Amino acid sequence: MSSRRSRSRQSPSSAINDDQIIELVSKLQQLLPEMHTRRRSDKVVSASKVLQETCNYIRSLHREVDDLSERLSELLALSDHAQADVVRSLLLHQ
């Protein structure tokens, strides 16, 4: 079944039109650091490319968070218990 057919079966209040999709893809492109800087030279970027780059960027953010979490755990293991408790309490309250 095509995406257009499945979209047309949705209720009118939940349906997204092509202009809204274009606007959302454009906003998403602006959030991607690499694509945002490239955007000035390339006028048209396909929606599939924006979505692909978004997935890649999210994966890289996950890796970065994992790496930072691992580093923080190592630092907390090396510090004394009082300092570690202060850092943990600060992290838990945010």
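How many of the 94 residues of the chain count as buried? The share is 10%, where buried means under 20% relative accessible area, exposed means over 50%, and partly exposed lies in between (1.4 Å probe, protein chains only). The model is predicted, so local features need pLDDT of at least 70 and side-chain atom pairs count only at pLDDT 80 or more, while totals for chains, interfaces and linings use all residues. Residues are numbered from 1 along each chain as its sequence is written, and side-chain values use heavy atoms, with hydrogens and water left out.

The secondary structure of the chain consists of five helices and zero strands, with helices (H or I, at least four residues) and strands (E, at least two) taken as DSSP runs numbered from the N terminus. Read from the N terminus, the order of elements is α-α-α-α-α. Among contacts (heavy atoms within 4.5 Å) between residues at least 6 apart in sequence, 14% join residues at least 24 apart.

Helix α2 (residues 18-31) and helix α4 (residues 47-78) have axes that come within 10 Å and cross at roughly 40°; axes are lines fitted to C-alpha atoms, for helices over the stretch in contact, and angles run from 0 to 180 degrees between N-to-C directions. The two helices are therefore oblique to each other, given that angles under 35 degrees count as roughly parallel, over 145 as roughly antiparallel, 65 to 115 as roughly perpendicular and the rest as oblique. On the α2 side, the contact is made by Val25, Leu28, Gln29 and Leu31, and on the α4 side by Ala47, Val50, Leu51, Thr54 and Tyr57. By class, this contact has seven nonpolar, two polar and no charged residues (Ala, Val, Leu, Ile, Met, Phe, Trp, Tyr, Cys and Pro count as nonpolar, Asp, Glu, Lys and Arg as charged, and the others, Gly among them, as polar).

In helix α2, glutamate 23 and lysine 27 sit four residues apart, about one turn of the helix, and their side chains meet at 3.2 Å, N to O. Glutamate 23 is partly exposed at 43% relative accessible area, and lysine 27 is partly exposed at 44%.

In helix α4, lysine 49 and glutamate 53 are likewise four residues apart, about one turn of the helix, and their salt bridge spans 3.2 Å, N to O. Here lysine 49 is partly exposed at 30% relative accessibility, whereas glutamate 53, at 14%, counts as buried.

Definitions and conventions. Salt bridge = Lys/Arg side-chain N within 4 Å of Asp/Glu carboxyl O.
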